[in-house]
Amino acid sequence: MGDLKQHSLIKAQERLRDQVGHALRAALIAGELRPGSVYSAPGLAAELGVSATPVREAMLDLAREGLVEPVRNKGFRITEVSERDLDQYTELRTMIEVPTVGRVTRMATKEQLEELRPIAEEIVTSAREHNLIGYLEADRRFHLTLLGLAGNERLVETVGDLRKRSRLYGLTGLDEAGKLVSSAEEHLELLDLMLAGDAEGAEACMARHLGHVRSLWAEARDEPVGRPTSPGLGSTL
């Protein structure tokens with residue numbers, strides 16, 4: 001029985017770590033945690049109402065994703081992404097995703113493509129409901145699942161890594177301005193072109209979509225540091 005209790009305790013700790021990680025990602029997206037700033041695990045823990053241990057563990061998870069970097073004896077710095085970085089990430093994604101979409105259009109079955117529709121609709125719904133975490137998670141699943149139909153796991157891993165490195169900060173302002181919905185709806189447009197067998201049109205749509213995403217990155221970066229964001233960090237846990 002002692003082993004079972006220990007197992008239950010470990011599971012509970014893992015769940016708390018995941019919850020803290022989710023809250024920290026939400027704070028990053030909302031702009032409550034700013035690029036270049038250093039945050040201590042005890043300080044964040046106090047805001048979240050938890051102990052420092054799950055915060056430190058969650059921050060290490062974010063560090064492996066490139067979202068933060070450890071700062072000795074201080075905590076974690078939110079990593080910054082330069083305009084040059086964003087341009088290069090966009091170029092790489094365009095080189096990979098545009099021709100892959102064309103190839104998938106030619107080789108995938110209609111059944112495989114239709115399975116993507118609920119995810120595309122979830123992206124639009126999340127954008128309309130101002131659910132930023134849901135929006136980004138559904139967007140990630142749509143793009144990586146679509147690319148996965150090409151049958152190249154390394155390609156999917158590469159794009160997944162590029163997406164993490166080019167994450168969006170401060171999306172709240174763009175969401176309030178209604179600028180995420182049009183980008184969200186492009187997923188349905190892309191899917192319809194692919195189902196119609198229009199590989200060339202699908203490639204053009206993907207290229208345009210990635211260009212719009214790059215514009216969103218630029219606008220999110222331009223959000224003023226002192227602008228109001230979503231409710232406090234503690235409310236996201």
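Helix α6 (residues 117-128) packs against helix α7 (residues 132-148) at an angle of about 160°, and their axes lie 8 Å apart. The model is predicted: local features need pLDDT of at least 70, side-chain atom pairs count only at pLDDT 80 or more, and totals for chains, interfaces and linings use all residues. Residues are numbered from 1 along each chain as its sequence is written, and side-chain values use heavy atoms, with hydrogens and water left out.

- Two packed helices are described by the angle between their axes and by the distance between the axes.
- Axes are lines fitted to C-alpha atoms, for helices over the stretch in contact, and angles run from 0 to 180 degrees between N-to-C directions.
- Helices (H or I, at least four residues) and strands (E, at least two) are DSSP runs, numbered from the N terminus.
- The two helices α6 and α7 are therefore roughly antiparallel to each other; angles over 145 degrees count as roughly antiparallel, under 35 as roughly parallel, 65 to 115 as roughly perpendicular and the rest as oblique.
- The crossing of α6 past α7 is left-handed, a term used if the near helix is turned anticlockwise from the far one by less than a right angle.
- On the α6 side, the contact (heavy atoms within 4.5 Å) is made by I119, A120, E122, I123, S126 and A127. On the α7 side, G134, Y135, A138, D139, R141, F142 and T145 take part.
- By class, this contact of α6 with α7 has seven nonpolar, three polar and three charged residues. Ala, Val, Leu, Ile, Met, Phe, Trp, Tyr, Cys and Pro count as nonpolar, Asp, Glu, Lys and Arg as charged, and the others, Gly among them, as polar.

- Buried residues (under 20% relative accessible area; exposed is over 50%, partly exposed in between, with a 1.4 Å probe and protein chains only) of α6 are R117, I119, A120, I123, V124, S126 and A127.
- In α7, the buried residues include Y135, A138, D139 and F142.

**Buried residues in other helices**

- V20 belongs to helix α1 (residues 2-30) and counts as buried at 0% relative accessibility. V20 and V55 are 35 residues apart in sequence and 6.2 Å apart in space, C-alpha to C-alpha.
- V101, in helix α4 (residues 83-107), also has 0% relative accessibility and counts as buried. Not counting residues up to four places away in sequence, V101 touches L146, L190, M194, A202, E203 and M206.
- R163 is placed in helix α8 (residues 153-165) and is buried, with a relative accessible area of 14%. Leaving aside neighbours within four places in sequence, the contacts of R163 are R93, L136, D139, R140, H143 and L144.

**Positive phi in loops**

- Most residues other than glycine have a negative phi.
- H130 is not a glycine, yet its phi is positive, about 60°. H130 sits in the loop between α6 and α7 and is partly exposed, with a relative accessible area of 48%.
- N73, also not a glycine, has a positive phi of about 65°. N73 lies in the loop between β2 (68-71) and β3 (75-78) and counts as exposed at 76% relative accessibility.
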